[in-house]
Amino acid sequence: MPIFSKEQILNQLKEVRYPGFSRDIVSFGLVKEIELAEGEVRIKLELSSPNPDIPGQLEKEIKSKLSSFEGIGNIQVFIKRPESHPTPKSTLISSDIKHIIAVASGKGGVGKSTVAANLACALYKKGLVVGLCDCDIYGPSISMMFGTTESPQITPDERLIPVEQYGLKLMSMGFLLEADQPAVLRGPLVTRYTQEFLKNVEWGNLDFLVLDLPPGTGDIQLTIVQTVRLSGAVIVTTPQEVALVDARKAVSMFKKVNVPILGIIENMSYFICPTDNKKYDLFGCGGGKKEAEKQNVPFLGEIPIEAELRISSDHGLPIVLSEPDRKTSQVFLEAAQKIIDFLK
């Protein structure tokens, strides 16, 4: 009989992190079965990530963690991959979408949704067909930034039809909640809603689908990288080190799951005083650009702190659409062009 228990094995597996994430494979629900025999352990995992490198990384890490147990002579890791049981075509995100890009940040409070909204508008201004999906289930803001609370319609086969505003196709939890109603959901339900937005929305033909991710590197990020094949990710930061530390984590997460980094964009870069036209670096200077050079990824631009950007978002008309000739709008338009050129 084995001198170790399933509970001991499970506790040890809680030390195995999913590549690129801070959470372990047990809390993510990837461990489906543990079998014990004389001197042998069999671990069964179920992954939905298409990344071919992940299974090998996990198997190596699991064997390393379990090798410390006395009496284990053989460790077998069986990993069920999505290729074995393909998802029915009707539930997959539309193949008519050319590029799906994520706008992400390692921490909150850096203005990621403002960047995502204006970047989507900048791609639209380049003559492209664009959708924007608000994946921040707890704190949806895209509905407000686009000035609409219209509820999405449903097709006869129960697929959601995106709300259209200013020429873009939009989906957000904000369209499904009444005003001021919070999204009180547990983790599994958040994951389910995210998958619904990705799989069960009638996006139609799009050149770009922009995903506005919640901050961090947790459940929703894992759900997204396992559900769709991203063309790339844009990382939003501010100049100060406390934001750059988390931006590095976001870059590392996407690199480990083989998602190209389209670039780092720095928000709240500086403030131009309207009275004396002097530039003030309130949160430091050049941090985003230096980090992009350090990570060997493109730098997409510096977005200043200005009242007009905030006002346009509060009034439901992104600044790229309301004032396309403004310097801030030009930064977004140049960033959009860099992304287009990167993906050619």
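The following dialogue asks how terms applied to this predicted model follow from its computed values.

Visitor: What makes up the secondary structure, and how much of the protein counts as buried?
Guide: The protein has eleven helices and 15 strands. Of its 344 residues, 52% count as buried.

Visitor: Why is Asn267 called buried?
Guide: Asn267 has a relative accessible area of 6%. Buried means under 20%, so Asn267 is buried. The residue sits in the loop between strand 12 (261-266) and strand 13 (271-272).

Visitor: How do you know that Asn267 is in contact with residues beyond its neighbours in sequence?
Guide: Contact requires heavy atoms within 4.5 Å. With neighbours within four places in sequence left aside, the contacts of Asn267 include Val110, Gly111, Pro239 and Ile303. For Val110, the backbone oxygen is 2.9 Å from a polar atom of the Asn267 side chain. The limit for a polar contact is 3.5 Å, and 2.9 Å falls within it.

Visitor: Why is Leu282 called exposed?
Guide: Exposed means over 50% relative accessible area. Leu282 has 52%, so the word exposed applies. Leu282 is in the loop between strand 14 (279-280) and helix 8 (287-295). Together with Tyr280 and Phe283, Leu282 makes a nonpolar surface patch of about 260 Å².

Visitor: What makes Lys44 and Glu35 a salt bridge?
Guide: The closest N and O atoms of Lys44 and Glu35 are 3.6 Å apart. The cut-off is 4 Å between a side-chain nitrogen of Lys or Arg and a carboxyl oxygen of Asp or Glu, so the pair qualifies. Side chains of opposite charge can pair when their charged atoms come close. Lys44 and Glu35 also belong to a network of salt bridges with Glu33, Glu40 and Arg42.

Visitor: Why is Lys44 called partly exposed, and why Glu35?
Guide: Partly exposed lies between the 20% limit for buried and the 50% limit for exposed. Lys44 has 30% relative accessibility, so it counts as partly exposed. Glu35 has a relative accessible area of 23% and is therefore partly exposed.

Visitor: What makes the salt bridge of Asp212 and Lys112 a link between distant parts of the chain?
Guide: The side chains of Asp212 and Lys112 meet at 2.8 Å, N to O. Asp212 is in strand 10 (residues 206-212) and Lys112 is in helix 3 (residues 112-125), 100 residues apart. Both Asp212 and Lys112 are buried.

Visitor: Why are Lys249 and Asp246 separated by about one helical turn?
Guide: Lys249 and Asp246 are three residues apart in helix 7 (residues 241-256), which means a separation of about one helical turn. Their side chains meet in a salt bridge of 3.6 Å, N to O. Lys249 is partly exposed at 48% relative accessible area, whereas Asp246, at 16%, counts as buried.

Visitor: How many salt bridges does a search of the whole structure find?
Guide: The search finds 17 salt bridges.

Visitor: Which residues touch the most other members of the largest nonpolar core?
Guide: The largest nonpolar core has 58 residues, of which Ile9, Leu66, Leu211, Leu230 and Phe254 touch the most other members. Helix 7 gives the most to this core, with five residues. A second, separate core of 42 residues includes Leu119, Leu168, Val210 and Leu300. Beyond four places in sequence, the contacts of Ile9 include Phe4, Ile34, Leu66 and Phe69.

Terms used:
Residues are numbered from 1 along each chain as its sequence is written. This is a predicted model: local features need pLDDT of at least 70, side-chain atom pairs count only at pLDDT 80 or more; totals for chains, interfaces and linings use all residues. Side-chain values use heavy atoms; hydrogens and water are left out. Helices (H or I, at least four residues) and strands (E, at least two) are DSSP runs, numbered from the N terminus. Buried means under 20% relative accessible area, exposed over 50%, partly exposed in between (1.4 Å probe, protein chains only). A polar contact is a pair of N or O atoms within 3.5 Å; within protein, one must be able to donate a hydrogen and the other to accept it, and residues adjacent in sequence count only if both atoms are side-chain atoms. Patches are made of residues with over 30% relative accessible area and no salt bridge: like charges are joined within 9 Å, nonpolar side chains (Val, Leu, Ile, Met, Phe, Trp, Tyr) within 5 Å. Accessible areas come from the Shrake-Rupley method with a 1.4 Å probe; for residues, only the protein chains shown count as cover. A nonpolar core is a set of buried Ala, Val, Leu, Ile, Met, Phe, Trp, Tyr and Cys residues joined through side-chain atoms within 4.5 Å.
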